[in-house]
Amino acid sequence: MTTQRTSGRRKQAMAAAAVVAALLTTAACGGGDGEKGGSKNGAAGFDAANNKVAQASLAKKGGTLKFAGAQDADSWDTTRGYYGFMWNFARYYSRQLVTNKTEPGKTGAELTPDLATGLAKISDDGKTYTYTLRDGITWEDGQPITSKDIKYGIERVWAQDVLSGGPTYLRDVLDPEGEYPGPYKDKSKDKLGLKAIETPDDKTIVFKLPKANSDFEEMLALISASPVRQDKDTKSKYALRPFSSGPYKFHSYNPGKDLTLVRNTEWKQSSDPIRKAYPDKITIKFFSNANDMDARLIAGDYDLDINQTGMSPQGRTSALKQHKENLDNPVSGYIRYAALAQNVKPFDNIHCRKAVLYGADHVSLQTARGGPVAGGEIGTNMLPPSVPGAEGQKYDPYEMAGANKKGNVAKAKEELKACGKPNGFKTTIAVRNNKPVEVATAESLQASLKKVGIDVEIDQYDGAQNSSVIGSPSNVKKKGYGIIIMGWGPDFPSVQGYGWPLWHSKAILESANNNYALIKDKTIDGLFDQYVNTLDEAGKTKIATEINHKVMEGAYYLPFVFERFLNWRSDRLANVYTTDAYSGQYDFVNLGLKSTK
Amino acid sequence: MTAGPGRPPGPAVRGGPLAVLAYLMRRLFAAAVMLVVIIMVVFSIFFLIPKWAGVDVALSFVGKQADPAAVEAVRVKLGLGDPVYVQVWEFFKGIFAGRTYAAGGDVTHCSAPCFGYSFRSEQAIWPVLTDRFPVTLGLALGAAVLWLIFGLAAGVLSALKRGSLWDRGAMIVALAGVSLPIYFTGLLSLAIFSYGLGWLDAQYVPLEDSFTGWIGGMILPWVTLAFLYAAMYARITRATMLEILGEDYIRTARAKGLREPVVIRKHAMRSTMTPILTMLGMDLGALIGGAILTETTFSLPGLGQAVLHAIKNQDLPIILGVTLITSLAVLIANLVVDVLYAVIDPRVRLS
């Protein structure tokens, strides 16, 4: 292994990067100069697919849909994947009882039956969910998908020792005491020993919850609730070749290099009300150079970025200048923020926390994130705009996007006085060293807090270790990490799917903790309890709003932005739209091509 | 282990073929001992030092949700709770006899040579290495051919025409080559020849899929990498050549009436080649372990790219595997160089 003889040449590199950026900007105009403004051959126009469908009627059957990516999935095993794009992509080769609607924007976040004939029949106490399966649903070898396959697929979530990595909501709700050992240690003959799920026949599946949870059906729409057939379960190796229940199946997969899906000929369109299955083949090629990847997207060699986290700064600049009609600028569903750790003094005092919220220059933080287009609108509260109950910038208790957007030194000093630290204090910001944008926000915060007398040191820690560095409250205390910079997106669009791990006292863990602020607020816990017992949507929405208000009133968080991305779609793409189900990503499963060549 | 660039040529070989064989055996044995030492050092770096530093190795094998059950399973699979000598023994045994990882009802067999198993991508390390090795080898060898041809030619010509316009021009280009980093020249060449002029697609195609496609994908990486090294080789060749041209035996050769090309080829070049060969051995050995920057810039799926991904994802077994392969490559390259000394340098043979 070598890094070749080029180390220690940072300055040259900076100059070089500037020249290359300039060159790329001019060189990249070569591709994609089809007709503009939503014509048949050209791109649909700027933001044409943001929360609406672009060029739906132009999608043809056939062709190869080409994804490019800078990062492979954490795992393609339906039980183990946790990356947003993996869940989105997994709908090509997996089906669930219910799934998100294949429609743009907010409607996309709603649920619709998939393998089931309808949404759940829920008992009055909210504890029993019953589904009946459709006819004609098959595996890739033609065998029918049964209720037992679904039960087995869900049981795999219990085998965390073998299949770690994925969300565990289903386990936590169906078996809160952790009584079931998982299918690999299951002593029953058919390995279907989980008591909370019953399969009276091959077409019926009944879930019996020990305690009601009004988001339970959202959890069944997660990819981790996909069916897995017992005789095809290769355990930890399943990620390399999942057995398909959807319209496409694995053809080849080389981790970190490429992946190809081909049509699953046993899948029947008549059994699937959701998926259109336009292309014949779907490929992903992984790049190690994000700039090279963006240049090739712009040149038309690939159709879209599988990772869906926005273009690199270089590609963004050139695309915005030359090919704006190929870009969408959706809200990502993520909030970027700083959490104020209550176990680090003086952040145990609400006034010291408020001093930070008032002292911060929110415009500068937004600029550090990439500005209003590439970074997002100034964040004013902690509920992402895609989650029901969110009010966006309308709820701005600290006037972060209003009067105080450049920071309010006077108010911050007032709070410092109330906190008993009129001359300010010292603290440390913990920030991941592998995220330059996060480091930029830390520097911005450092500069603005200096003006109010808060002296901040920045500690860049190894980003890959975050679960043990900032995820360990005792380490946070030891290192004096008063301010922790992070970001979070919803696992499913609800206040529970977003906020429970961040704000509930039970979410505080000794390692891999995400409740960095260490919020132990009985009112917030109580509101969550109320939420899971409320079955009507209006009532749930109201509680979500209330939880968000309580979190903001506690001044535990300094939100930076309601994040936005700039995502690329090629001229060839048709039936393309962003969906709130996957945090503003394009809905992969129904993408089509205008030409099959 | 090796004759470094500043050291006099390798050890003397006396006598006939038997002595050469004995010399080779000795060198091979030394290399094998070295390899064992390297494996132990690398193992300690990855498994023992974190333990002493209080970092839980098992944690870094598990994904985003560090479920305690998953961490415990990795601990069992890797035998992290066993005494150190058992862990080292298991690791060695894996290389020669294969290894089985079992926990929680999941059994994974890693057949010999087992250089570890990645619980991130669920792959044994050895197939990953053998899959990616040809890409890196192709890159290193292709680039070496280019840099040797151009570097040596430019260096020799510059030395012969010292002070001429050619000499100065070549040395300025060489200086640029040495100073410009790969991620500059690489991106620049992509911007010009691939995105701009569209002459080359510059995307990697495996050799077995298409020969022309492979060449098309490798030209820019070869040229970029060779540019860096050719520059260094040109400067070294020029300096060495100039020194040698001033030696007495060259004057003698000229005085006895030998034609200039013969003097250069037969007398001067031979001596010039000795330090060049030493450098080549080191450079090739190191490059075969993965040309990280070149492979990353051109998205070549070689060892360098694999190790960079692994570092980003904290995939320890892959980092460990590539480190071992690199050490092995450097060892072998040095062994070959030591043997080649005997061929090139008559002093080694005669003494």
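So, to start: of the 597 residues of chain A, what percentage count as buried? The answer is 54%. Keep in mind that this is a predicted model, so everything I say today is computed from predicted coordinates.

Let me stay with chain A for a moment. We've got 17 helices and 23 strands there. The C-alpha trace runs to about 70 × 60 × 50 Å along the principal axes. For a chain of 597 residues, a compact globule would have a radius of gyration near 25 Å, and chain A comes out at 25 Å, so the two agree. If you take the contacts in chain A between residues at least 6 apart in sequence, 73% of them join residues at least 24 apart.

One helix I'd like you to look at is H6 of chain A, residues 290-299. Nine of its 10 residues are buried, so this helix is mostly covered. And have a look at who is on that list: A:Asp292, A:Asp294 and A:Arg296 are among the buried ones, along with A:Met293, A:Leu297 and A:Ile298. After H6(A) you reach A:Gly300, which has a positive phi, near 90°.

Next, A:Gly487, which sits in strand S17, residues 481-488 of chain A. Buried, exposed or partly exposed? Partly exposed, because A:Gly487 has 17 C-beta neighbours inside 10 Å, and the buried class needs 20 or more. Leaving out neighbours within four places in sequence, A:Gly487 is in contact with A:Tyr334, A:Ile335, A:Arg336 and A:Tyr337. For a sense of distance, A:Leu261 is 226 residues away along the chain, and its C-alpha atom is 32 Å from that of A:Gly487.

Okay, over to chain B. This one has 13 helices and four strands, and its C-alpha atoms fill a box of roughly 80 × 60 × 40 Å. Of its 351 residues, 43% are buried. Looking at contacts in chain B with a separation of 6 or more, 65% come from residues 24 or more positions apart.

Chain B splits into domain 1, residues 25-110, and domain 2, residues 125-350. Their C-alpha centres are 35 Å apart. Where they meet, nine residues of domain 1 are in contact with 10 residues of domain 2. On the domain 1 side of that contact, you find seven nonpolar residues, one polar and one charged.

Now the cores. The largest nonpolar core has 178 residues, and the ones with the most contacts inside it include A:Tyr92, B:Leu139, B:Ala143 and B:Val307. Which helix gives the largest share? That's H4 of chain B, residues 125-160, with 14 residues. Both domains of chain B contribute residues to this core, so it lies between them. Zooming in on B:Ala143, and skipping residues up to four places away in sequence, you see it touching B:Trp222, B:Leu225, B:Ala226 and B:Tyr229. There's another core, apart from that one, with 71 residues, including A:Cys419 and A:Val551.

B:Ala231 counts as buried, because it has 25 C-beta neighbours inside 10 Å. Beyond its sequence neighbours up to four places away, B:Ala231 touches B:Ala174, B:Gly177 and B:Val178. And B:Gly151, 80 residues away along the chain, has its C-alpha atom 6.2 Å from that of B:Ala231.

A quick check on helix geometry: H3 of chain B, residues 84-97, has 14 residues and should span 20 Å at 1.5 Å a residue; its end C-alpha atoms are 19 Å apart, so that agrees. Just after H3(B), B:Gly98 has a positive phi of about 85°.

Most residues other than glycine have a negative phi, and most peptide bonds are trans. So what have we got here? A cis peptide bond joins A:Lys345 and A:Pro346, with omega about 5°, and A:Pro346 is in the loop between strand S13 and helix H8 of chain A. Chain B has a cis bond between B:Ala112 and B:Pro113, with omega about -5°; B:Pro113 is in the loop between strands S2 and S3.

On the phi side, A:Lys191 is positive at about 60°, and with 18 other C-beta atoms within 10 Å it is partly exposed. B:Glu122 has a positive phi too, near 55°, and sits in the loop between S3 and strand S4 of chain B.

Methods: Residues are numbered from 1 along each chain as its sequence is written. Chains are lettered from A and ligands numbered from 1 in the order in which they are written. This is a predicted model: local features need pLDDT of at least 70, side-chain atom pairs count only at pLDDT 80 or more; totals for chains, interfaces and linings use all residues. A nonpolar core is a set of buried Ala, Val, Leu, Ile, Met, Phe, Trp, Tyr and Cys residues joined through C-beta atoms within 7 Å. A residue is buried if 20 or more other C-beta atoms lie within 10 Å of its own, exposed if 12 or fewer, and partly exposed in between; C-beta atoms are placed from the backbone. Helices (H or I, at least four residues) and strands (E, at least two) are DSSP runs, numbered from the N terminus. Domain bounds come from an automatic or database domain assignment. Two residues are in contact if their C-beta atoms, placed from the backbone, lie within 7 Å. The expected span of a helix is 1.5 Å times one less than its number of residues. Ala, Val, Leu, Ile, Met, Phe, Trp, Tyr, Cys and Pro count as nonpolar, Asp, Glu, Lys and Arg as charged, and the others, Gly among them, as polar. The radius of gyration is taken over C-alpha atoms; the globule rule is 2.2 Å times the number of residues to the power 0.38.
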